[in-house]
Amino acid sequence: MLASLIITAMPSTNSWTHEIESPVAAPRLFRAGVMDWHTLAPKLVPQIVASAHAVEGEGGVGSVRQFNFTSAMPFNLIKERLEFLDVDKCECKSTLIEGGGIGAAIEAATSHIKVESAANGGSMVKVKSTYKLLPGMEVEDEITKAKGYVTAIFKAAEAYLIANLDAYNDQINQSTEIIYMINM
């Protein structure tokens with residue numbers, strides 16, 4: 001009986017996954033919706049993100065970003081540290097280090113995002129969030145909300161990119177130019 005009480009009291013690690021289809025090419029969506037989101041968010045979704053900025057680093061592994069939210073969110077801010085980045089594969093992993101429920105309901109949380117190219121020229125965003133709850137906490141309603149927030153981020157970036165066809169094209173154009181030069 002004592003063993004089951006101890007196991008019940010220990011924090012558990014859980015995860016959720018979410019996929020979002022987009023007509024926008026993977027490199028453009030990754031750069032706008034992930035790498036440069038701290039710059040775009042206050043402009044594209046000011047009703048949710050009041051401000052955002054880099055706290056440490058130049059955008060590579062180890063960099064820290066802070067997002068400050070309006071009253072539309074259940075918390076005031078989040079700080080995230082970039083743990084892994086592969087820009088060519090449109091993939092990253094970050095750790096939540098402050099805000100967003102850390103210390104209140106969650107002991108630790110990470111997000112792994114990969115934006116894959118789709119056959120139709122668009123992309124598929126794949127998100128996996130892993131979190132460790134504090135003892136006695138449940139977050140089922142929060143998972144549904146989190147998936148909605150993630151979808152809103154990528155749909156806002158998508159809408160921006162569709163409306164601004166030249167935005168975030170430099171990487172794609174450079175790759176196309178290199179392929180063209182090789183094939184000559």
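**Figure 1. Helices H2 and H3 are roughly perpendicular to each other.** The axes of H2 and helix H3 (residues 37-44) lie 6 Å apart and pack at an angle of about 75 degrees, where roughly perpendicular covers 65 to 115 degrees, roughly parallel lies under 35, roughly antiparallel over 145, and the rest is oblique. On the H2 side the contact (heavy atoms within 4.5 Å) is formed by Ala32, Gly33, Val34 and Met35, and on the H3 side by Trp37, His38 and Leu40. Of the residues in this contact of H2 with H3, five are nonpolar, two are polar and none is charged. Here nonpolar covers Ala, Val, Leu, Ile, Met, Phe, Trp, Tyr, Cys and Pro, charged covers Asp, Glu, Lys and Arg, and polar covers the others, Gly among them. The model is predicted: local features need pLDDT of at least 70, side-chain atom pairs count only at pLDDT 80 or more, and totals for chains, interfaces and linings use all residues. Residues are numbered from 1 along each chain as its sequence is written, and side-chain values use heavy atoms, with hydrogens and water left out.

**Figure 2. The protein as a whole contains five helices and seven strands.** Helices (H or I, at least four residues) and strands (E, at least two) are DSSP runs, numbered from the N terminus. Along the sequence these elements follow the pattern α-β-α-α-β-β-β-β-β-β-α-α. The protein has 184 residues, of which 35% are buried; buried means under 20% relative accessible area, exposed means over 50%, and partly exposed lies in between (1.4 Å probe, protein chains only). Among contacts between residues at least 6 apart in sequence, 52% join residues at least 24 apart.

**Figure 3. Helix H2 (residues 26-35) crosses helix H4 (residues 140-163) at roughly 125 degrees.** The two axes come within 9 Å; axes are lines fitted to C-alpha atoms, for helices over the stretch in contact, and angles run from 0 to 180 degrees between N-to-C directions. H2 and H4 are therefore oblique to each other. The crossing of H2 past H4 is right-handed, a term for a near helix turned clockwise from the far one by less than a right angle, with left-handed for anticlockwise. In this contact, Arg28, Leu29, Ala32, Gly33 and Val34 of H2 meet Ile153, Phe154, Ala157, Glu158 and Leu161 of H4. Seven of the residues in the contact of H2 with H4 are nonpolar, one is polar and two are charged.

**Figure 4. Helix H2 is mostly covered.** Eight of the 10 residues of H2 are buried. These buried residues are Ala26, Arg28, Leu29, Phe30, Arg31, Ala32, Gly33 and Val34. Ala32, Gly33 and Val34 of H2 take part in the contact with H3, and Ala32, Gly33 and Val34 also belong to the contact with H4.

**Figure 5. Cys90 and Cys92 are not joined by a disulfide.** A disulfide is a pair of cysteine sulfur atoms within 2.5 Å, and by this rule the count comes to zero. The sulfur of Cys90 has its closest cysteine sulfur in Cys92, at 9.9 Å, which is too far for a bond. Cys92 is likewise in no disulfide, the nearest cysteine sulfur being that of Cys90. Cys90 counts as buried because its relative accessibility is 5%, and Cys92 counts as buried because its value is 4%.

**Figure 6. Cys90 and Tyr168 each have a positive phi.** Most residues other than glycine have a negative phi. In Cys90, phi is near 55 degrees; this residue lies in the loop between strand E4 (77-86) and strand E5 (91-99). In Tyr168, phi is near 60 degrees, and Tyr168 lies in the loop between H4 and helix H5 (170-183). Tyr168 is buried, with a relative accessible area of 16%.

**Figure 7. Thr95 lies in strand E5.** The relative accessible area of Thr95 is 17%, so Thr95 is buried. Neighbours within four places in sequence aside, Thr95 is in contact with Lys79, Glu80, Arg81, Glu83, Ala109 and Thr110. From Thr95 to Ala108 the C-alpha to C-alpha distance is 7.8 Å, and the two are 13 residues apart in sequence.

**Figure 8. Asn68 is found in strand E3 (residues 64-69).** With a relative accessible area of 18%, Asn68 is buried. The contacts of Asn68, leaving aside neighbours within four places in sequence, are with Ile48, Val49, Ala50, Ser51, His53, Asn76 and Leu77.
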